[in-house]
Amino acid sequence: MSAACCRLAFREWFGLTPAASEILAVLYAAKGQSMAPEELARRAGVSPRSVGFHLFSVRQALECEGLDHEPGHGYRLSEIGLGECRSALRTLAEELRAAG
């Protein structure tokens, strides 16, 4: 699935702002690998100073164990978070197929 589709799906499913959905899409694309805040900001196209704010929104949208912070390494989606994202994408894809 394209990054643009992921961003739109995460924005709709989780009720995120465009910037927070960008961050979630970048973390999802990293497939559980840690990402430093600066790299996360660069890839998501947001200000490095706003990463914490957007991560707070992502953390609220996901299950409590969905986002991990690894001191000295950065942030990553846990298996729970990756599973939530996959489930959201699958459900939205099924709804779109059913709509014709």
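**Exercise 1. Determine how helix 1 and helix 2 are oriented to each other in this predicted model.**

*Solution.* Helix 1 covers residues 3–14 and helix 2 covers residues 18–29; helices are DSSP runs (H or I, at least four residues) and strands are runs of E (at least two), numbered from the N terminus. Two packed helices are described by the angle between their axes and the distance between the axes. For helix 1 and helix 2 the angle is about 120 degrees and the axes are 8 Å apart. Axes are lines fitted to C-alpha atoms, for helices over the stretch in contact, and angles run from 0 to 180 degrees between N-to-C directions. Angles under 35 degrees count as roughly parallel, over 145 as roughly antiparallel, 65 to 115 as roughly perpendicular and the rest as oblique. Helix 1 and helix 2 are therefore oblique.

The numbering starts from 1 along each chain as its sequence is written. In this predicted model local features need pLDDT of at least 70, side-chain atom pairs count only at pLDDT 80 or more, totals for chains, interfaces and linings use all residues, and side-chain values use heavy atoms, with hydrogens and water left out.

**Exercise 2. List the residues through which helix 1 meets helix 2, and classify them.**

*Solution.* Contact means heavy atoms within 4.5 Å. From helix 1 come Cys6, Arg7, Phe10, Arg11 and Phe14, and from helix 2 come Pro18, Ser21, Glu22, Leu24, Ala25 and Tyr28. Ala, Val, Leu, Ile, Met, Phe, Trp, Tyr, Cys and Pro count as nonpolar, Asp, Glu, Lys and Arg as charged, and the others, Gly among them, as polar. The contact residues then divide into seven nonpolar, one polar and three charged.

**Exercise 3. Repeat the analysis for helix 2 and helix 4.**

*Solution.* The angle is about 80 degrees, with the axes 9 Å apart. Helix 2 is therefore roughly perpendicular to helix 4. Ala19, Ala20, Ile23, Leu24 and Leu27 in helix 2 face Val51, His54, Leu55, Ser57 and Val58 in helix 4 as contact partners. By class, this contact holds eight nonpolar, two polar and no charged residues.

**Exercise 4. State whether His54, Cys5 and Lys31 are buried, partly exposed or exposed.**

*Solution.* Buried means under 20% relative accessible area, exposed over 50%, and partly exposed in between (1.4 Å probe, protein chains only). His54 lies in helix 4 and, at 10%, is buried. Apart from neighbours within four places in sequence, His54 is in contact with Thr17, Ala19, Ala20, Ile23 and Val46. Cys5, in helix 1, is partly exposed at 41%. Lys31, in the loop between helix 2 and helix 3, is exposed at 65%. The phi of Lys31 is near 55 degrees, a positive value in a residue other than glycine.

**Exercise 5. Describe the largest nonpolar core and the contacts of Leu77.**

*Solution.* A nonpolar core is a set of buried Ala, Val, Leu, Ile, Met, Phe, Trp, Tyr and Cys residues joined through side-chain atoms within 4.5 Å. The largest has 31 residues, and those with the most contacts inside it are Phe10, Ile23, Leu24 and Leu77. Helix 1, helix 2, helix 3 (37–44), helix 4 (51–61), strand 2 (74–77) and helix 5 (79–99) each supply at least two residues of this core. Helix 2 gives the largest share, eight residues. Leaving out residues up to four places away in sequence, Leu77 touches Leu24, Leu27, Tyr28, Gly32, Leu62, Gly66, Leu67, Leu82 and Cys85.
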